[in-house]
Amino acid sequence: MVRELTCIVCPKGCPLRVELEDGVVKSVTGHTCPRGLQYANDECIHPMRTVTSTVLAKDGRVIPVKTDRTIPKEKMFECMELINATVIELPVTVGQVLLSDILGTGANLVATANADESL
Amino acid sequence: MKQIDLVIVGGGPAGMSAAVAAYDNGIKNILILERDSHLGGILQQCIHNGFGLHRFGEELTGPEYAWRYEQQVYERNIPYLLNTMVLDISPEKVVTATNSEEGVFQIQAKAVILAMGCRERSKGALNIAGTRPSGIFSAGTAQKYVNLKGYMPGKNVVILGSGDIGLIMARRMTLEGAKVHAVCELMPYSGGLARNIEQCLNDFGIPLRLSHTVVEIHGKQRLEGVTIAKVDENRRPIPETREYIPCDTLLLSVGLIPENELSKTAGVPLDRVTSGAVVDQDRQTSVEGIFACGNVLHVHDLVDYVSEEAEIAGKSAVAYIQGITAERTDIPLSTDGKIRYTVPQRITQKKDVTVFFRVADVYRNVTIRVSDGDRVIYSKKKLKVAPGEMESITLRPDQFADAKALSFALEVK
């Protein structure tokens with residue numbers, strides 16, 4: 001089986017061609033960097049994504065957050081439910097861990113902006 | 001009147017990067033004027049990742065990318081004024097601004113860097129038939145509501161235009177529980193990055209309807225639906241293909257326009273293709289001592305390139321203030337139509353020149369060729385070029401030293 005993918009690792013968006021046999025990657029062409037090769041392999045076996053969103057703070061503001069590493073693609077919506085059920089205390093600083101080991105993925109939810117206590 | 005060496009209009013990625021570059025090259029008497037309540041510009045609402053791969057070698061979100069530059073501004077104690085609106089810039093570089101603390105005030109600058117960014121094309125520019133209900137937003141406005149205010153603009157969404165902001169918002173609204181029924185694109189190709197089609201639409205099964213547009217808006221108080229139709233090769237809707245999609249929200253991602261009202265007050269001539277200033281290799285406009293960089297100069301797709309361009313402007317503004325120039329020349333750059341424009345449009349000094357350009361259509365297996373008459377001074381092969389993906393090349397002075405004029409052309413096999 002052949003799968004045609006668009007690499008999402010960087011803005012170049014290289015067109016990838018992956019040859020699969022019984023679910024095993026036999027060859028990858030079209031990538032222009034090692035990260036693209038890794039992406040092609042991952043995408044065919046267990047697709048991974050970074051989730052970015054916002055989380056509610058106690059004072060009603062929303063604070064931007066992300067998973068600090070990729071999580072399995074099929075867990076994105078479950079991750080969103082978890083984020084939307086969370087209310088955080090301020091202040092927060094960039095990179096501060098707000099939720100650890102989300103859904104057992106090993107990824108943490110971290111703040112991507114600073115927010116003071118006062119508005 | 002207050003005297004400042006370098007006034008930078010706009011504290012987004014371009015303004016901050018220009019300020020840092022100017023400071024590090026020896027001009028400390030700088031003032032950034034920002035109309036919003038924070039530095040960072042539009043990056044603050046771009047909470048998705050994908051920024052900074054070129055600059056920092058890692059994938060950052062918009063606020064994180066902004067924070068990297070904010071820290072550089074703070075570390076250097078570069079002065080900035082927030083909530084401050086610039087009203088006028090004169091050709092003599094007198095900057096008139098206002099804020100609630102100082103009222104209206106004027107600054108005499110030795111050099112000015114324009115870094116005001118761009119704004120979205122609005123519904124008014126599209127002339128869509130039908131009613132005028134609520135529920136129609138530019139994609140950036142929706143982004144602000146969702147990401148900064150925590151409001152969802154609607155539940156059932158159609159997006160017109162496949163620019164990157166529209167694609168990013170398709171994913172964002174989907175993750176927050178809305179149903180995005182379609183992204184319609186007038187052109188036969190997307191205006192966004194290929195990776196965004198993949199990770200924002202394909203990941204969620206959102207259909208991209210190429211060569212389609214919205215032909216009618218329905219609803220009295222609130223949007224109730226839109227009629228879409230396929231368009232022919234002349235981009236005219238084909239009546240038989242009309243299709244009604246019920247929705248409560250229409251997002252428009254139909255292009256960005258550099259915000260050059262202030263540039264005009266300074267008498268800066270604009271390029272009809274880019275809607276930004278005509279500049280030389282230093283990103284100096286035709287008005288001496290006034291520079292431009294970032295999306296006010298031409299719309300970029302990557303902030304990394306904005307920062308790079310702003311550094312050129314920042315460094316060059318310092319050289320201008322200090323009276324340092326390389327050997328003078330005057331070489332106009334022209335394009336063949338397949339390449340739509342170049343920035344800069346002119347080379348006035350013999351030094352390394354970074355040229356950004358965009359193509360008019362999607363082309364495969366191309367050779368980018370820069371020639372002086374019949375003499376090819378630069379060529380580079382590319383598998384694919386697309387209007388949504390800006391290209392950049394750097395020319396060395398020995399390549400163009402004796403050139404009369406440089407033409408940028410795309411040879412398609």
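The structure is a predicted model, in which local features need pLDDT of at least 70 and side-chain atom pairs count only at pLDDT 80 or more, while totals for chains, interfaces and linings use all residues. Residues are numbered from 1 along each chain as its sequence is written, and chains are lettered from A and ligands numbered from 1 in the order in which they are written.

**Chain B as a whole**

Chain B contains nine helices and 28 strands; helices (H or I, at least four residues) and strands (E, at least two) are DSSP runs, numbered from the N terminus. Its radius of gyration is 22 Å, close to the 22 Å that the globule rule gives for 413 residues, so chain B is as compact as a globular protein of that length. The radius is taken over C-alpha atoms, and the globule rule is 2.2 Å times the number of residues to the power 0.38. The C-alpha trace of chain B spans about 65 × 60 × 40 Å along its principal axes.

Of the 413 residues of chain B, 49% count as buried, that is, with 20 or more other C-beta atoms within 10 Å of their own, the C-beta atoms being placed from the backbone. Two residues are in contact if their C-beta atoms, placed from the backbone, lie within 7 Å. Among contacts in chain B between residues at least 6 apart in sequence, 64% join residues at least 24 apart.

**A three-stranded sheet**

In chain B, three strands form an open sheet in the order β22-β24-β27, with antiparallel pairing. Strands pair if DSSP finds at least two bridges between them. The edge strands, β22(B) and β27(B), each pair on one side only.

| Strand of chain B | Residues |
|---|---|
| β22(B) | 339-343 |
| β24(B) | 353-359 |
| β27(B) | 391-395 |

β22(B) and β24(B) pair in the antiparallel sense over four bridges. The bridge partner of B:Val343 in β24(B) is B:Phe356.

**Contact between the chains**

The contact takes 20 residues from chain B and 20 residues from chain A. On the side of chain B that touches chain A, β3 (49-51), α3 (62-75) and α6 (194-201) of chain B each supply at least two residues. The largest share of that side, five residues, comes from α6(B).

**Domains of chain A**

Chain A is divided into domain 1 (2-45) and domain 2 (52-111), with bounds from an automatic or database domain assignment. The C-alpha centres of these two domains of chain A lie 29 Å apart.

Note on methods. A residue is buried if 20 or more other C-beta atoms lie within 10 Å of its own, exposed if 12 or fewer, and partly exposed in between; C-beta atoms are placed from the backbone.
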